[in-house]
Each structure stands twice: as C-alpha cells, then as structure tokens.
Amino acid sequence: MSTQNVADALSPGLKLRKNRRRVWRPLGVTGLVVLVIWILVAALAPVLAPHDPLGQQFDRFLSPSGAHWFGTDELGRDVLSRVVYGARVTIPLSLLLVVCSLVIGAVVGAAAGYYGGWLEMLVMRTADLVFAFPAIILAMAVVAALGADLTNAVLAIVVVSWPSYARVARGLVLSSRNADYVLATRLLGASGRRSLLVDVTPNVAGPILVLATLDVGNAALLLSGLSFLGLGARPPAAEWGAMVAAGASNFDKWWLGLFPGLAILTLVLAVNFLGDTLRDMLDPRTARAVIQ
Amino acid sequence: MNLTRRRAIQLALTAGALLATEAACGKTNKGTDSGGTKNTTLVVENSFDLTTADPGRVYEVTGGMVAHAMYEPLLTFAGGDVSKPVPLLAKSFEASADGKVLTLKLDETAKFSDGSAVTADDVVFSFNRVKNVKGNPSFLLDGVTVTAPDAQTVVLTSAKANPALPYLLPTPALGIVNSKVAKAQGAVDAEGADKSDKAETWFNANSAGSGPYTLQSFSTTTEVVLVANDKYWGTKPVYTKIVLRNVTNSVQKLDVVKDASQLALDLSPDQAKDLGAAVTVDRASTTTTFFLFTNMNPAISPVTSNPKFQEAVRYGLDYAGIMSLAGEGAVQAPGLVPDKLLGALAAGDSLKRDLDRAKAALAASGYSGQEIPMEYPSDITKNGIDFGVLAQKVQAGLTEVGIKVKLAPAPVATALPNYRDGKEKLGLWLWGADYPDPSDYLAFLPGGLVGLRAGWKAGSSPDLTTIGDQAAIETDSGKRAALYQDLQRKLNEVGPFMPLFQSAQISVMAKSVSNFVYNAVWTVDFGALK
Amino acid sequence: MRSRPYLRFVLVRLGALVLLAVGITLVSFILTNLVPGDPAAANLGQRALSDPAIVAAFRHQHGLDQPLPVQYWKYLTGLVQGDFGTSQRSNRPVGDELAEYVPATLELASTAVVLSVVVGVGLGMLAAMRRNSWLDQLLRVVSLAGVSMPTFWLALAAFFLLFYKWGILPGGGRLDPGLDPPPQVTGLYTVDALLAGQWDIFGNAVFHLIMPALVLAAYTVGLLTRFTRASMLEVLGNDYIRTAQAKGLPGRTIVFRHVLRPALVPILTVAGLAFGSLLSGTVLVEQIFSWNGIGQYAYQSALNLDLPAIMGVSLVVAVIYVTVNFVVDLLYGVVDPRVRLQ
C-alpha cells in the first residue's frame with residue numbers, strides 16, 4: 001500500500017460533519033429501499049400473493065415454472081405465496097422482539113446509569129449473568145415446554161436480550177450525565193428526572209436506535225433459526241425458517257429452501273445496510289459503544 | 001493401509017484431484033478377501049432414538065436392532081414373517097391346552113460370547129430382571145412367572161390364558177443375558193431391582209449375550225459399533241463390523257447414494273424417489289398405525305364427544321390425500337390392527353371419504369364453528385413421516401367439511417402428558433405394535449390404556465368390552481381372528497379412533513448388500529445381511 | 001509486587017464465576033420446573049408412562065419425588081464435588097456426556113474463531129487502509145452479508161454444493177465412518193491424532209472440520225471485518241499517528257507498529273464475544289453436519305426436558321464464555337501497555 005492511502009485515511013475529519021459527507025450512501029439507500037419493499041410486501045400480501053398460502057391445491061413438489069415462479073411445496077402449496085405471507089410473520093415479530101428488549105433494556109439501563117448506587121449494581125450484575133447465559137438454549141427449553149409458538153419464542157428471547165441495551169444506555173447516560181451542559185441545567189435547578197428526560201435522552205436515543213436497527217436483523221435470524229429447529233412458527237402458518245427446514249428434508253427440491261432462505265437474507269441484509277450506514281453517521285465514540 | 005494413506009495425501013491435493021480420490025476411497029471401503037467372504041465393515045445410518053443398550057431396559061427402535069444383534073431371544077421370527085414364532089435359543093416350545101403354561105426346551109449347543117453354555121438359569125435371571133427393573137419393557141411379562149425345572153427347560157406360567165406369549169418372546173428386550181457375567185457387574189433380578197440394579201452403565205459399554213455381534217462402543221447420539229462374536233454358535237455373520245451412525249434422514253439419503261454408507265433406514269417416501277441405479281430400495285409395511293382420535297369425554301369437549309361430530313370427522317378425512325403423503329409401500333389402515341398380524345381387517349374394509357355424509361353429520365352435531373385444537377408430537381418423525389406435515393394435511397381435509405382445526409404441536413415431553421391424561425380434544429398419534437399380536441390392541445378399548453387417553457372410560461361400551469375379554473383368552477387362532485375383526489369393525493362405527501395408515505419402512509442399501517429383510521420387531525437383523 | 005493486582009483481579013473474577021454458576025443453575029432449575037412438561041413422559045415409553053409403578057420408579061431414581069429446594073440443594077452439593085447429576089434421558093452421568101460432547105464443539109468453535117480472526121482482522125485492516133476505495137465498499141458488502149446470513153441456510157447450501165454436487169468435502173461427522181477416533185487425551189480429534197502420531201486420522205479430522213468451521217465463521221468474519229476497520233480508523237485519527245507520519249515512517253510500519261496494536265484491544269473483546277455467539281451457532285450447524293457436540297446435546301436435552309443435562313450444558317457454555325473473556329482481559333495487558341498499569 002502507498003503512503004498516499006494512509007495519508008488519505010489520516011486526513012483530519014473522523015468527526016461527525018465530515019463523516020456524514022463521506023458516508024457511502026448507496027448502501028444505506030439500498031437497505032432502506034429493500035426494507036420498504038419488504039414492509040410493503042408484508043402489508044399487501046393478500047394482493048401480491050398469487051394463491052392462498054395455505055391452499056393445498058396443486059401437485060406436490062412442482063419445480064419453478066411460469067405458473068408457480070417458486071414452485072410448490074410438500075403439500076402442494078404455492079411457495080411464492082408462502083414466501084410473501086412469511087413477511088407477515090418475521091417482520092412484525094422481529095420488531096416486537098426488538099422493541100420489547102429495547103424498552104426494558106433502555107429504561108433499566110438509563111435508570112441504573114443515572115441513579116447509580118445499589119440499583120446500578122443490581123442491574124449490571126444481572127445483565128452480566130444474562131449475558132453469559134446461552135440464549136438459544138434457554139429459548140429452546142422454554143419453547144419446548146410451552147409449546148411451539150413464535151410468541152413464546154419472542155418472550156424467551158426478550159428475557160435474554162435486554163442487557164445489551166441496558167449496557168449501552170447506562171454507558172451513554174453515564175458519559176452525558178457529567179457533560180457540562182447537563183451539569184449546567186442541574187445547577188439551574190432542573191430536577192433529576194427532568195434532566196434525564198430532556199438533556200440526556202436525545203444523546204442516548206441515536207445510538208440506541210442504531211443498535212436496535214442492527215438488532216432487528218439478529219432477531220429475524222434467531223426467530224427463523226428456532227422455526228428451522230421446529231420450535232418456532234406454528235403450522236400451517238408460512239414462516240421462512242420452517243420453510244427452509246422443509247427444504248432441508250427434501251434436498252433435491254432446491255426451490256423449497258432457496259427462496260425462503262433468500263427472503264431471510266435480503267431482509268436481514270437490508271436492515272444491516274441501513275444500520276451500518278446510520279452507525280457511520282454517528283460520532284465515532286458513540287458508535288463504538290454501539291458495536292460493543 | 002491403502003485407504004488411510006490416500007486420505008492423508010488428499011489434504012495436499014488440489015480440489016479437482018480431491019474429487020477423484022474421494023470417489024476412489026468410497027470404493028475401497030468394501031474389500032473382498034481371497035476366501036470370498038467379505039472381511040469388512042457395514043456402515044448403517046439411522047436417526048437414533050437410542051437411550052440404552054441394556055437388554056433389560058431397551059425399548060426403542062434403534063435399541064431394538066442393537067440388542068437383537070447381541071442378545072438372542074428364546075423364539076424368533078423367520079425373516080420378515082411375524083405371524084409365526086420359530087425356535088432360536090429354545091429348540092422347541094409347547095403351550096398347554098388352557099393357554100396358561102408355555103414349556104420351552106433350550107438348545108444345548110447355544111453358547112454365550114464368552115463360550116459358556118446358555119442355561120435355563122440365564123433365562124430365569126433375564127426375565128425376572130426385565131420385570132423387576134421396572135423399565136419400559138417390564139409390562140411384557142406382567143402376570144408371567146418363569147421357572148426352570150432343569151438346566152434345559154423353561155416354564156412360563158401365566159395367571160390367565162396367554163395365547164400371545166409366543167409372539168412376545170422374540171422382542172429384543174427379552175433377549176437372554178449371561179447371568180454370571182451380568183451379576184458380577186451388579187445386575188439384579190430380584191424384586192427391588194429398580195433400586196438395586198447397577199448394571200446399566202456396564203451394559204452400555206459391554207455385552208453378554210449369545211448373538212452374532214458384541215458391543216465395541218456405544219453412544220446414544222453418535223454411533224454404535226458392533227463387532228462379530230467370534231464364538232458365535234450359529235452361522236457366522238458376513239460383516240465383521242457394523243457401524244451404526246446417527247444421521248438425519250436427509251443426510252442419510254446423500255450418504256447412501258454416494259456410498260458413504262451402505263444402508264439407510266429412515267428415508268421418507270419422497271426422499272426415496274429417483275435414487276438412481278446405485279442403490280436398492282426395499283419397501284415394507286410396518287406395524288406402526290397412525291391415527292386420529294376425538295375425545296369421548298364431554299367434560300374435555302362437548303363437541304368432540306358428540307357421536308355425530310365423530311362421524312363427520314371419520315367421513316370427512318381426506319384419506320386419499322393422506323395416503324399420498326404416506327407414500328408407496330404404506331397401506332391405508334382399515335382398522336387399528338396392522339395387516340401383518342392375525343385378526344387384521346381386509347383392505348376392502350377401509351373407510352372412504354364421504355363429504356356429503358360428513359357435512360350432514362356435522363350439521364346434525366350442532367357444531368357452531370368453534371376452533372378445535374389438534375395436538376400432536378412435533379419432534380417425532382417415523383418412517384420419514386413428519387407429524388407436522390401430516391397434521392396440516394388432516395387439517396386441510398377437515399376444513400373442507402367445515403371443521404375449524406387449530407394445530408397445537410408440542411415436543412413429546414409436553415404433548416405426551418396431555419395425551420396420557422386424556423386431555424386432548426383431538427389428537428394425532430401413532431401406535432407401534434409392542435409385539436406382533438392383536439392382543440396389543442385391546443389397549444384401545446374403553447378403559448384401556450389408549451382408550452382412556454381418548455377419554456373413553458371403562459364401561460362406556462359393554463358390548464365391545466365383552467368381545468375384548470373373549471378375544472384376550474381365546475386360544476383357537478381362527479376364532480381369535482374372527483373376534484378381533486369383529487372388534488375392529490365395531491370400533492370403526494362407535495369408537496373415537498380413526499385409523500389413517502400403516503407407514504412404510506423404506507430401507508435403501510448399496511448394491512453390495514443383500515439378504516436384507518425388514519422385520520417389524522427389530523427392523524434389521526445385522527447377522528443375516530450378506 | 002506487580003503480581004498483586006493481578007491476583008486480586010483473578011480472585012474477583014473467580015468469585016464472580018461461582019455466583020454465575022449459582023445464578024445459571026437457579027434460573028434453569030426454576031424455569032424448567034415452572035413449565036408444564038413432564039420429564040417422565042419424555043423419557044418413558046407409551047406403555048410404561050401409564051404404569052404408575054414405573055413412573056414412580058423413574059421419579060425416585062432421578063430424585064424427582066423430593067421437594068424442589070431439596071432437589072436443587074442436592075444438585076449444588078453434587079456440583080461442588082464435580083458431579084453434574086444423571087441425565088434422565090440416557091441415565092448416564094451428565095459429566096461423562098459433557099466430556100464427550102464439549103471437546104467436539106470446542107474443536108469446531110476454536111477452528112472457526114481462529115479462522116475468523118485471521119480472515120476478519122486481515123480484511124478489516126485492508127478495508128481501513130483502503131478506506132472508501134471500491135475494495136472497502138466491496139468488503140463492506142461482503143462482511144455485512146456474512147453477518148446477515150442465516151447460518152442454517154448457509155450450512156445447507158454448503159452441504160448441498162460442496163458435498164452433494166461437487167464432492168469436494170466430506171458430508172458430516174468428525175471422521176469418515178469406519179475410522180476409529182484417536183486415543184482420547186484432549187477429546188479434540190486433531191490434537192489427539194497428532195499426539196498419537198496418527199497422521200491419517202489427523203488429515204481426516206481436519207478434512208471434516210473445514211466445511212462446518214467455514215459456515216460457522218461466516219458471521220464472525222463479517223463482524224470482525226467491520227469492527228477491525230472501525231477501530232483501526234479510530235486509531236488512525238490519533239495525533240501520534242500523524243506524528244509518525246510526519247517523521248516520514250513508511251505506511252506499512254505505521255500500520256503494523258502503531259495502529260494495529262492499540263486497535264487490537266477492542267478487536268480482542270469482540271473476538272471473545274464472538275466465541276460466545278459461536279457456541280450458540282453450533283446448535284444449528286451441528287444438527288446439519290451430524291457433529292456430535294454440545295449444540296446437538298443442548299437441543300436433545302431441551303426437547304426432552306432433561307433438567308440435569310440442560311443445567312450442565314448451560315453451565316459449561318457460560319463458563320467457557322466467561323473464561324474466554326477473562327483470558328481476553330488478561331491479554332489486554334500484553335497487547336496494550338497502558339492497560340497493564342490500570
């Protein structure tokens with residue numbers, strides 16, 4: 001490599017403004033567009049799907065053709081229609097999962113960071129414990145016991161996924177709590193809760209949102225993974241992970257697993273493109289808090 | 001050795017060359033020595049349901065084939081014919097006229113793998129141990145006492161006439177154990193053995209039977225390795241080593257096609273299509289009956305206990321669609337008793353879909369469109385039939401009638417307690433014959449083991465109970481068959497069970513393997529393979 | 001004198017580990033006892049299940065007939081003596097089973113981690129040095145694709161292509177069927193084969209490791225690439241780099257001597273965390289590659305509500321995770337002198 005490149009890399013300006021301009025936007029835009037498409041697909045599924053996703057009305061295992069673009073599955077259902085309807089399962093549930101853990105984690109973490117003391121101690125030690133707990137094992141045990149159902153899976157995963165938000169929220173609150181302008185408002189007589197809400201929250205919100213965006217992808221992967229193991233979606237609902245599992249037991253019928261797998265990949269990739277771009281737009285220091 | 005050196009060299013080679021040697025390696029797996037007998041390893045793949053190799057406790061399919069290779073029973077079945085028990089360790093057997101006493105004479109040439117002779121004491125010990133360790137197979141000998149008047153004679157005495165007993169003796173759990181060796185390892189046959197017997201760990205690492213193979217290594221999740229018993233008293237097995245590997249069925253298919261294994265036991269009917277010319281496919285109907293039931297107990301569900309609703313389900317099921325899933329080799333079950341057994345109904349007796357009748361019955365039942373949960377074990381795949389797929393097919397058929405079914409899958413651990421306690425409104429389950437005799441199916445009568453699970457209390461149908469009681473003790477096989485057929489026809493009219501199909505065992509093997517016969521009791525006899 | 005703070009550090013960490021063990025077993029214990037499943041149902045046959053005598057014998061044998069606090073106390077006291085209890089499914093000591101399955105997963109996960117660190121850090125450095133070039137953008141897409149890949153789907157695709165279609169790599173298992181594992185020392189087939197001098201077995205074991213390790217590494221490679229890039233860029237912005245550059249040091253020297261070292265601290269942290277995610281990822285991958293590690297064991301145990309096994313496997317995963325991160329913390333001192341003083 002040439003010195004020129006290092007010099008380029010070194011050029012002053014990892015700071016926010018320069019960074020914004022430097023961000024390679026097309027990726028973020030692509031992510032946003034794909035994500036919006038998926039959301040539209042989910043919303044308009046009844047219009048878009050050519051057939052009833054549950055209708056066992058065709059021959060089994062038809063390979064992709066003009067009549068069935070993605071072929072038909074082991075019960076003679078149209079795979080395209082099922083992929084389309086699958087968006088209605090994965091997207092809302094991934095969002096639900098992230099929102100739940102975000103709300104719990106952020107509130108708990110912010111409180112811990114702001115008030116400190118025994119509360120902070122308790123919250124952070126619990127978070128450490130949960131961090132070390134293998135999430136998927138817990139989810140499997142809970143789902144095995146309560147019955148295969150994605151809502152059960154979401155509940156189980158929320159239990160183990162809030163701590164990352166709590167950590168980030170606490171860290172950010174800690175750093176901004178002592179920032180000059182916060183101290184100034186406190187000196188001016190603002191109450192603790194007011195300064196937490198008004199001065200600290202805006203600083204915390206950005207990074208937490210980025211973290212949440214990136215986490216939507218992880219949630220989708222985890223949920224479809226559980227469905228793949230037969231511990232997620234309840235049949236006959238169309239769910240991508242479960243559809244890949246059907247493809248796994250019928251290897252040579254490649255279309256069974258390929259299309260739902262691509263659906264998961266494109267959705268998660270879109271979310272990650274978006275999240276990654278948003279992260280780059282943040283101040284590097286807070287970006288680091290997010291990635292850790 | 002040739003194979004391993006090739007393997008080492010492989011690593012240094014490029015991808016293209018790798019491909020070539022890989023193919024060559026697959027072939028070297030099976031050499032033939034100068035004597036003409038294959039001095040070689042047979043790799044068998046199965047989805048394990050293994051929990052133990054202890055013959056006193058074994059009751060699973062995988063465990064059955066492993067135990068059968070190591071522990072020979074008194075009587076056996078020839079090939080796949082389970083309709084007639086034939087001698088093995090016992091060279092002859094005779095039942096008393098009242099059906100209560102079975103006397104067996106042991107073959108004096110029979111030897112255990114340590115060279116010692118098989119005696120009546122070993123039989124007494126093995127049977128009492130099965131009874132007293134209170135494991136899954138203990139029920140087989142309920143009400144049976146075993147005595148040994150002399151070293152070569154065994155007498156089995158039952159409290160009631162027990163015409164099924166000879167059919168039950170070939171079960172792998174009733175294989176005979178070398179009692180001297182077992183006792184030395186902490187095995188106990190006396191009452192209280194459920195607490196005092198300490199031999200299971202030993203049996204999971206060693207064997208002490210008279211069968212063609214002995215245990216080399218055992219893992220409930222990875223693989224079981226059997227090696228030929230060099231002191232075997234019968235015809236020596238052809239394969240010197242059996243490697244039984246735990247592999248999911250989709251991978252089994254790839255392995256057997258590529259000759260990475262020589263026998264795959266769990267392919268689904270769909271997977272077994274278009275396998276190519278490199279393998280042989282054996283299809284045989286099993287003694288596993290898939291069935292649906294509607295709960296008879298009004299306290300559990302006033303809807304499903306309504307006879308009209310049951311009629312709607314019975315005639316509304318899409319039997320043809322279900323059979324398309326069950327695949328080639330499976331048979332639609334006309335009754336609960338499988339076709340290989342005495343007393344089975346003829347194929348002509350099977351139910352046919354009658355949508356008009358089903359809809360009329362549903363209207364008469366007063367069903368008002370509420371969702372009925374149908375429970376099934378989501379983690380069971382039997383003969384490649386996935387309960388989840390089957391349940392969706394059943395659901396679709398009933399939807400056409402107008403019955404709204406909501407699927408409620410759960411792993412066995414949570415589904416089975418509900419089923420056992422008779423709490424399921426609709427249940428989709430299977431019943432595999434514990435032994436190939438129709439008396440095993442008396443469990444489906446009111447107050448019986450499965451009857452209760454469908455909320456069918458004792459005394460609900462005195463007529464059926466009377467026939468069942470007669471069938472249980474009848475010793476004339478012609479009359480027995482007639483009684484069981486009568487019973488099933490009545491069950492098909494008033495019972496809560498809708499028999500769907502008997503699944504097909506699909507066994508796929510390399511062309512080099514011959515003499516394979518599927519047996520419903522132990523799946524495959526490794527000692528007979530050539 | 002310098003060892004003193006280290007000693008304290010180690011002791012505090014060990015204390016935390018004990019608390020963690022108690023916490024994890026307690027959570028698993030309460031959870032699995034709250035849920036409505038019945039271990040007897042999962043582990044007994046259809047006939048035996050309806051026989052009260054057999055169910056009672058089963059419950060007695062596994063201590064399930066005792067009050068819950070007693071059960072838990074017995075488990076804890078056993079655990080202190082290294083006894084993980086007895087599996088309800090196989091009736092074998094959970095400790096023995098873990099000893100069988102943990103090395104398999106460790107071998108797979110370590111291979112994947114080494115692979116991810118080498119590839120991920122390398123690609124990340126490349127991306128940072130060629131910042132905003134087309135290569136950087138390409139690596140960005142590639143690494144994000146790695147993070148977004150559904151592991152089970154990738155595993156299937158790899159299996160289908162590399163084994164089924166092209167036959168380049170073996171399909172599943174840790175060794176070819178028919179080959180006996182090397183004499184057990186560590187339980188890692190590659191290491192044991194080397195110790196025993198069995199080169200053929202070593203080669204075969206490596207051969208079998210490649211595909212599952214690659215699949216498993218996809219996520220962590222992506223993660224580490226992105227992270228290495230970010231943390232290198234951050235260091236590159238520091239004044240001392242500019243000084244070094246002003247002194248006229250060549251770019252290569254700057255990167256390896258002045259940038260990589262401080263950037264390694266956060267990279268190490270992520271690698272440690274990634275190891276934890278790999279252990280979970282094995283649940284999906286082991287299933288497909290017939291790899292008999294703790295992933296499969298955890299899946300089977302969860303389905304069968306085999307409580308001692310669930311607790312055992314959770315405990316082992318947590319302890320491995322904590323230990324790895326502890327080692328990472330210790331490594332900070334080696335990598336970055338500033339940390340050593342704190």
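This is a predicted model: local features need pLDDT of at least 70, side-chain atom pairs count only at pLDDT 80 or more; totals for chains, interfaces and linings use all residues.
Setting aside neighbours within four places in sequence, M140(A) is in contact with L231(A), A298(C), Y299(C) and A302(C). Show those residues together with M140(A).

**Where chain C touches chain A**

Keep chains A and C on screen. Here 57 residues of chain C are in contact with 48 residues of chain A. On the chain C side, α12(C) gives the most, with eight residues. Coloured by class, that side of chain C shows 39 nonpolar, twelve polar and six charged residues.

**L278(C)**

Stay with helix α12 of chain C, residues 251-288, and pick L278(C) within it. Is L278(C) buried or exposed? L278(C) counts as buried because it has 24 C-beta neighbours inside 10 Å; the cut-off for burial is 20 or more. Leaving out neighbours within four places in sequence, the contacts of L278(C) are A109(C), A112(C), V113(C), L216(C) and T220(C). Draw a distance from L278(C) to T220(C): the C-alpha atoms are 7.9 Å apart in space, while the two residues are 58 apart in sequence.

**Annotated spans of chain C**

Now select by annotation. An unreviewed UniProt entry places the feature "transmembrane region" at residues 12-31, 108-129, 141-164, 205-224, 263-289 and 309-335 of chain C. Two of these spans can be checked by eye. Residues 12-31 of chain C are 100% helix and 0% strand, and the end C-alpha atoms lie 28 Å apart. Residues 141-164 of chain C are 92% helix and 0% strand, and here the end C-alpha atoms lie 28 Å apart.

**Where chain B touches chain A**

Contacts link 23 residues of chain B with 15 residues of chain A. On the chain B side, the elements that give two or more residues are α9 (249-257), α13 (387-401), β17 (405-410) and α14 (412-420). Which element gives the largest share of this side? The answer is α13(B), with seven residues. By class, the side of chain B that touches chain A holds ten nonpolar, nine polar and four charged residues.

**The annotated domain of chain B**

Select residues 84-444 of chain B. The unreviewed UniProt entry annotates this range as "domain: Solute-binding protein family". Over this range the chain is 26% helix and 25% strand, and the end C-alpha atoms are 24 Å apart.

**A four-stranded sheet**

Within chain B, find the open sheet of four strands, in the order β4-β5-β7-β6 and with antiparallel pairing. The edge strands are β4 (90-95) and β6 (144-150) of chain B; each has a single partner strand, so one side of each is left without a neighbour in the sheet. From one strand to the next the twist averages 20°.

Zoom in on β6(B) and β7(B), the latter being residues 153-158; these strands pair in the antiparallel sense over five bridges. A hairpin of two residues joins β6(B) to β7(B).

Helix α4 lies across β5 (101-106), β6 and β7 of chain B, and runs at about 165° to β6(B).

**A covered helix and its surroundings**

The last stop is helix α3 of chain B, residues 61-70. How many of the ten residues of helix α3 are buried? Ten of its ten residues are buried, and the helix is mostly covered. Among them are V61(B), M65(B), H68(B) and M70(B).

Show what surrounds this helix: the buried residues of α3(B) pack against β1 (41-46), β8 (213-218), β9 (223-228) and β10 (241-246) of chain B. Two of these strands, β8(B) and β9(B), run antiparallel and are joined by five bridges. A hairpin of four residues links β8(B) to β9(B). To see one bridge of this pair, select S217(B) and its partner V225(B) in β9(B).

Conventions:
Residues are numbered from 1 along each chain as its sequence is written. Chains are lettered from A and ligands numbered from 1 in the order in which they are written. UniProt positions are given in the numbering used here, feature names are shortened, and annotations may be inferred rather than shown by experiment. A residue is buried if 20 or more other C-beta atoms lie within 10 Å of its own, exposed if 12 or fewer, and partly exposed in between; C-beta atoms are placed from the backbone. Two residues are in contact if their C-beta atoms, placed from the backbone, lie within 7 Å. Two strands pair if DSSP finds at least two bridges between them. Axes are lines fitted to C-alpha atoms, for helices over the stretch in contact, and angles run from 0 to 180 degrees between N-to-C directions. Ala, Val, Leu, Ile, Met, Phe, Trp, Tyr, Cys and Pro count as nonpolar, Asp, Glu, Lys and Arg as charged, and the others, Gly among them, as polar.
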